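Thanks, everyone, for making time this morning.

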Amino acid sequence: MLQTPYSPANSTNHYVGIWYKKIPKRTVVWAANRDAPLTDTSGELTITLQGVLVLQDATTGNILWSSAKSSRRSVKNPIGQLLDTGKFIIYEEGDQENPIWQSFDFLTDTFLPEMKYGWNLVTGVEWHLTSWKSDNDPSSGNFSYGIDKRGYPQPILTDGPNILFRTGPWNGLRYTGLPNLRPNPVYNFTFVLNQREIYYRNELINTSVCMRLVLQPDGRMERFLWTDSKQEWNLYQALSSDNCDRYALCGPFRSCNIDNSQVCECLKGFEPRSPDQWRDGNWSQGCRRTIPLDCGLEEGFNKYSNLKLPDTQGSWYNQTMTLVDCEKMLTGSGCLLWFDELIDIRTFDENGDSLYIRMPPSELGKPKE
């Protein structure tokens, strides 16, 4: 990796950035002053005696960007170093393992191996991606990708305040909305949820591989691998792939199945809330119970299989309860409970998750009509 000032194509602005040194096509993976560009080449980047990284206009002396508010502590003999992973760190001489500041804590549009996205629950710091404004403008764009920690944590892609895509919650192996996220020869992945942190991270199996996940200016999330033989970046994975990945497309209590001619259908035991709109292809109103619950003792649960689990905002979870304990709690390795409308569900051919919905006695075990 290389860190130096650069200027995007067709731009007079200048930025301090990090990109791949051995790849001929300049690919920027991080920019310090993305929202405070230099307008000429008179920039000066220094590390103060207190261990603060400072970018200033050498002509006027104006500070454009610094790490002052984000450094964890002051040091006496600060060292700045760019690691092979693409991480720039500042540390006390002799204590590289405990940097006082690191670029990986301040993500831009690119997610590299060994980065995290999520939350530090102790400090309240969030790690999330934010798109570039355009291909030639690295300033913060409209799209963001990170973990929503309301209810059971789940990654979401947003355009301003609006959710565009949701991966679904982690099920111990993968996100429930990404059935194709599985062990592969390129990278390992892990999700951590404890009292101190919530985060997702991946690591390369072969460290000679160049891999990056990018939140594009138009909101697409794409993973690329560099191919030496072709001297180009090749698309390896796309986060969302079809119409059923659109957030809440089918409305409440309705599942999206991309293999059906009419992709939205009510879950078993539910009926269209607005039949006229449903026939016209407007599914936003979703479905309602065919027979309302009355909290009777004979009520039970129907199992729905191979699903992307519903939006977990407002859900309740306990990571130590068994399925039996979970059912006992409702009737009198984890338990995830919903108490409101279930939205953003989709059906997969395989590798989906199971959802149990409380139903009246007349609907228990009833086959799909």
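In what order do the four strands of the open sheet stand, and is the pairing parallel or antiparallel? The order is β13-β14-β15-β16, and the pairing is antiparallel; strands here are DSSP runs of E, at least two residues long and numbered from the N terminus, and two of them pair if DSSP finds at least two bridges between them. At the edges stand β13 (129–134) and β16 (162–166), each with a single partner strand, so one side of each has no neighbour in the sheet. From one strand to the next the twist averages 35°, where axes are lines fitted to C-alpha atoms and angles run from 0 to 180 degrees between N-to-C directions. Strand β14 (residues 137–148) is joined to strand β15 (residues 154–159) by six bridges, and Tyr145 stands opposite Leu157 in β15.

Before I go on, a word on the source: this is a predicted model, in which local features need pLDDT of at least 70 and side-chain atom pairs count only at pLDDT 80 or more, while totals for chains, interfaces and linings use all residues. Residues are numbered from 1 along each chain as its sequence is written, and side-chain values use heavy atoms, with hydrogens and water left out.

Turning to the aromatic rings, a search of the whole structure finds 19 aromatic pairs, a pair being rings of Phe, Tyr or Trp (its six-membered ring) with centres within 6.5 Å, called stacked with planes under 30 degrees apart, edge-to-face over 60 and tilted for the rest. Trp30 and Trp65 have ring centres 6.4 Å apart and planes at 80°, so this pair is edge-to-face. The two lie 35 residues apart, Trp30 in strand β3 (residues 28–31) and Trp65 in strand β6 (residues 63–66), and both are buried, meaning under 20% relative accessible area, with exposed over 50% and partly exposed in between (1.4 Å probe, protein chains only).

How are the rings of Trp170 and Phe191 arranged? Their centres are 5.5 Å apart and their planes at 20°, so the pair is stacked. Because Trp170 lies in the loop between β16 and β17 (187–193) and Phe191 in strand β17, the pair ties together parts 21 residues apart in sequence. Trp170 is buried at a relative accessible area of 13%, and Phe191 is buried at 11%. Both belong to a cluster linked by ring pairs, which also includes Tyr145 and Phe111.

Finally, the cysteines: the whole structure holds three disulfides, a disulfide being a pair of cysteine sulfur atoms within 2.5 Å. Cys244 and Cys256 have their sulfur atoms 2.0 Å apart, and with -75° about the S-S bond their link is left-handed. Cys244 lies in the loop between β21 (232–238) and β22 (254–256) and Cys256 in strand β22, so this pair ties together parts 12 residues apart in sequence.

Cys250 is joined to Cys264 with an S to S distance of 1.8 Å, and both are buried. In the disulfide of Cys266 and Cys287 the sulfur atoms are 2.0 Å apart, and the torsion about the S-S bond is about -80°, so this disulfide is left-handed. It links Cys266 in strand β23 to Cys287 in strand β25 (residues 287–289), 21 residues apart. As for two further cysteines, Cys210 is partly exposed at 21% relative accessible area, whereas Cys295 is exposed at 66%.
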